[in-house]
Structures are given as structure tokens and as C-alpha cells.
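Me: I want to learn how to read salt bridges in a model. Can you take me through them?

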Amino acid sequence: MDIKDPADPFPLSLPPAPVPPEEAPYQDFAGRGGWCGPHAFNYHQYHPDVEKQANLFYLAHFNAGLRVYDVSNTRLPREIGHSPSGSAPTAGGRIFAAC
């Protein structure tokens, strides 16, 4: 959201929809079954105990797992990583969690 003018905010972009792996028996996560769509994001990013993520945005999807987006270009966010639902994503010895 662009909030330069708080009286007139407007969306800059939306993250791309998650894409299932090629070998998946469904073409999109809506066809996978179960709840579909985002439900949690890294809203604790300004908490002093949470490591700063710069231009990364973490978004949990019900049946598509954790998705990581590069938002350095605010008009064109792109997915740079993900962890399927039911697994624990790790990188550099860190465990990423979404609630």
C-alpha cells in the first residue's frame, strides 16, 4: 500500500499466486482441497526480537505452505522461496515459522 497521502491510500501490487510443483496432481492450490489462500504474514517484523528481513515478505498459505517474496520492487513482487505445507523450511541453520 502506498500511504504517502494517508487520506488516499492505494495498493501498489499483490504477491503472485503460489504455483504447485509440476508433478502435483492439481493445477492450482484451489484444486488441492482444503482451505486455500493466505492467512498470516510477518506482522512481527518490527518487534525488536525478530531479525530484520529487509525486502523479504513471508506469507503463509493454508494449503500452499510458507511463501517468501522479494518486494524490493514494490510494483512487481516475486516469489523467491517456499516450503510446502507440512514441512519445516530452513535456511542457513535458521527455521522460518509462520503463525
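Me: Which residue forms a salt bridge with Asp70?

Reply: First the general idea: a salt bridge is a side-chain nitrogen of Lys or Arg within 4 Å of a carboxyl oxygen of Asp or Glu. Here, Asp70 pairs with Arg78, and their closest N and O atoms are 3.5 Å apart. This is a predicted model: local features need pLDDT of at least 70, side-chain atom pairs count only at pLDDT 80 or more, while totals for chains, interfaces and linings use all residues. Residues are numbered from 1 along each chain as its sequence is written, and side-chain values use heavy atoms, with hydrogens and water left out.

Me: How many salt bridges does the structure hold?

Reply: It holds 3 salt bridges.

Me: Which residue forms a salt bridge with Arg67?

Reply: Glu79 does, with the closest N and O atoms 3.0 Å apart. Arg67 lies in strand 3 (residues 65–70) and Glu79 in strand 4 (residues 78–83), so the pair ties together parts 12 residues apart in sequence. Strands are DSSP runs of E, at least two residues, numbered from the N terminus. Arg67 is buried at 2% relative accessibility, whereas Glu79 is partly exposed at 27%.

Me: What is the closest N and O distance between Lys4 and Asp2?

Reply: It is 3.9 Å, and the two form a salt bridge. Lys4 is exposed at 76% relative accessibility. Asp2 is buried at 12%.

Note on methods: Buried < 20%, exposed > 50% of the residue type's maximum accessible area, 1.4 Å probe, protein only. Helix = DSSP H or I, 4+ residues; strand = E, 2+ residues; numbered from the N terminus.
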